[in-house]
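Colleague: I am new to reading protein models. Could you walk me through a few features, one at a time?

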Amino acid sequence: MNGPFDHDANAVDPSLADRIASLAASVHIPGTRDRVPTLDHSQILALHRQSGHSVSCIHRTALTRGVLPLCYLRNCPALSLDEQLRLAMSTVAVVGAGGLGGQVLVTLARVGIGRLIVIDPGRFEESNLNRQALCTHSSLGRTKAQTAQNVLYEINPGVEVSVHPLRLNPANCTQLITPADIAVDALDSIEDRFVLQKGCRTTGIPLVHAAIDGFFGQLMTIFPQDEGLAGIYGPKPSSPSASLGNPAMTAASLATLQAMEVLKIILGRGQLMRHTMLTLELEKGLLEQLSFS
């Protein structure tokens with residue numbers, strides 16, 4: 001289990017901020033007439049070596065000064081500099097690092113969520129290769145949580161990743177997710193999902209739920225005061241004994257929708273799937289919303 005996040009990175013070092021401002025170069029935003037001050041990764045690494053500040057701290061400090069790390073250039077203009085900073089200051093717990101969770105983690109790291117908590121006790125096995133974004137032949141037998149940390153660092157070293165190779169349970173849930181602003185349900189057990197929802201209610205954070213089976217998937221965002229999972233599964237849930245399998249397309253589609261819900265919560269924009277279950281049937285091309293209000 002990794003140590004705590006570098007919370008001191010939230011404090012802006014004036015000398016670092018001045019150095020960033022002096023190095024920033026104006027870059028054209030593709031598809032627009034606008035330009036934005038940027039800092040590329042080689043400059044960020046040089047600052048890291050010179051100042052001792054973490055890459056994540058440099059990313060946040062740059063954004064505070066209106067300077068965009070170049071890796072986020074293609075987020076513009078869909079995301080503003082202020083919104084990119086809000087993402088960088090956010091913490092998301094992803095419970096499960098398999099088919100749904102692996103893709104959620106990769107997507108959130110690429111878009112610039114500042115801190116990710118990964119909770120998963122499992123190890124990769126060969127049957128995971130069909131759908132799990134973090135699984136490769138070289139990662140077989142390795143823990144999903146630690147593999148996630150290694151892969152996410154290669155994608156975006158500006159994201160802090162804390163890993164917990166543990167199964168979520170009623171005794172540890174609240175402690176594990178307490179640092180998070182949002183939790184993502186990427187579990188494969190209905191009973192464990194209820195444990196996570198209870199923990200989210202205790203800590204007062206939203207939960208983004210998804211589940212897949214065959215080419216079918218469902219999505220709902222649940223705030224602490226919402227009925228949530230009981231409205232979907234009933235008050236006494238049990239996991240089904242049969243499954244239609246987990247094709248890669250379903251996992252990737254629902255994980256993308258989960259990541260989008262996370263962005264909408266953090267940025268306060270768009271329409272959340274709250275009190276509403278979004279269902280997706282890929283084979284038939286059906287996308288429907290079911291109201292729970």
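Modeller: Start with exposure. Buried means under 20% relative accessible area, exposed means over 50%, and partly exposed lies in between. Keep in mind that this model is predicted.

Colleague: Is Phe215 buried, partly exposed or exposed?

Modeller: Phe215 has 31% relative accessibility, so it counts as partly exposed. It lies in the loop between strand 8 (207-213) and strand 9 (216-222). Together with Met249 and Leu282, Phe215 forms a nonpolar patch on the surface. The patch has about 240 Å² of accessible area.

Colleague: What about Ile205: buried or exposed?

Modeller: Ile205 is buried, because its relative accessibility is 6%. It sits in the loop between helix 8 (190-203) and strand 8. Its contacts include Ile177, Cys200 and Pro224.

Colleague: Next, charges. How many salt bridges does the structure hold?

Modeller: The general idea: side chains of opposite charge can pair when their charged atoms come close. This structure holds eight salt bridges. In one of them, Asp18 pairs with Arg65, with the closest N and O atoms 3.1 Å apart. Asp18 lies in helix 1 (residues 14-23) and Arg65 in the loop between helix 3 (55-64) and strand 3 (68-69), so the pair ties together parts 47 residues apart in sequence.

Colleague: And how many residues apart are Glu261 and Lys264 in helix 10?

Modeller: They are three residues apart, so about one helical turn separates them. Glu261 and Lys264 form a salt bridge, with the closest N and O atoms 2.5 Å apart. Glu261 is buried at 2% relative accessible area. Lys264 is buried too, at 12%.

Key: Residues are numbered from 1 along each chain as its sequence is written. This is a predicted model: local features need pLDDT of at least 70, side-chain atom pairs count only at pLDDT 80 or more; totals for chains, interfaces and linings use all residues. Side-chain values use heavy atoms; hydrogens and water are left out. Patches are made of residues with over 30% relative accessible area and no salt bridge: like charges are joined within 9 Å, nonpolar side chains (Val, Leu, Ile, Met, Phe, Trp, Tyr) within 5 Å. Accessible areas come from the Shrake-Rupley method with a 1.4 Å probe; for residues, only the protein chains shown count as cover. A salt bridge is a side-chain nitrogen of Lys or Arg within 4 Å of a carboxyl oxygen of Asp or Glu. Helices (H or I, at least four residues) and strands (E, at least two) are DSSP runs, numbered from the N terminus. Buried means under 20% relative accessible area, exposed over 50%, partly exposed in between (1.4 Å probe, protein chains only). Contact means heavy atoms within 4.5 Å. Lists of a residue's contacts leave out its neighbours within four places in sequence.
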